[in-house]
Amino acid sequence: MNDFLKKLQDLYISPRWILWGFGGLLVAGIIHVAIVLSVPAYVPHSPYERVGDFGADRSFQMLPPILPRSEPLPDLDPSMRHAICRYSLENGPLIIRTYAPSPFWSLGLFNEKGQVTYSLNDKTSEGEAMRMLVLTPQQLSILRENPPEDLEEMIVVETNELKGFALFRAFVPSNAYLPQISEALRSATCSDLPRV
């Protein structure tokens, strides 16, 4: 009988330990809620925001070479060199000028979410030089009232996506091509349409 009472005494949990247990659960619950609420602050920025980290808007920024575990943006091809330009059409139409002495080059326009809205490459464009005018339908209707003389020579892209970025990339078949391709990417422009 004494053994049985002793076992019951061993199983007895003091009310103090029960309070400590509830206190611990309460603190754990508060920490859990705080972590869940702070998750949005740690979610990666949108692609548009990330591109803004490379430099000023409306100018092409050269991206560093793509190396393992040091990709400036996801899904970039390591055999290419890249330049990127972030823009907002709220500040007026955008004109892009590129030249790429490469066996393959492409230029893509992306919206804020990083989705392709327009793209072309050396096969769908004439020659190594390209001029593109990006603007909203409203801006185009205004521009048509007093168009620039070379409007017909430009690739005109109408879009309702006010914010986005242009990614210009050129294939580097060997290191011998690297200096001229790097220079071509550095000389690409992404700027305001000159006022007439």
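Visitor: Which residue in strand 2 does Met62 stand opposite?
Guide: Met62 faces Ala83 there. Strands here are DSSP runs of E, at least two residues long, numbered from the N terminus. This is a predicted model, in which local features need pLDDT of at least 70, side-chain atom pairs count only at pLDDT 80 or more, and totals for chains, interfaces and linings use all residues. Residues are numbered from 1 along each chain as its sequence is written, and side-chain values use heavy atoms, with hydrogens and water left out.

Visitor: How do strand 1 and strand 2 pair?
Guide: Strand 1, residues 61-62, runs antiparallel to strand 2, with 2 bridges. Two strands pair if DSSP finds at least two bridges between them.

Visitor: And how many bridges between strand 2 and strand 8?
Guide: There are 9, again in the antiparallel sense, and strand 8 covers residues 163-171. One partner there is Arg169, bridged to His82.

Visitor: Is strand 2 mostly covered or uncovered?
Guide: Mostly covered: 9 of its 9 residues, 80-88, are buried, meaning under 20% relative accessible area with a 1.4 Å probe, protein chains only. Met80, His82, Ile84, Arg86 and Ser88 point one way, while Arg81, Ala83, Cys85 and Tyr87 point the other way.

Visitor: New topic. What is the strand order in the open sheet?
Guide: The order is 7-6-3-9, with mixed pairing. Strand 7 (155-158) and strand 9 (189-192) are the edges, each pairing on one side only.

Visitor: What joins strand 3 to strand 9?
Guide: 4 bridges, and the two strands run antiparallel. Ile95 stands opposite Ser191 of strand 9.

Definitions and conventions:
Buried < 20%, exposed > 50% of the residue type's maximum accessible area, 1.4 Å probe, protein only.
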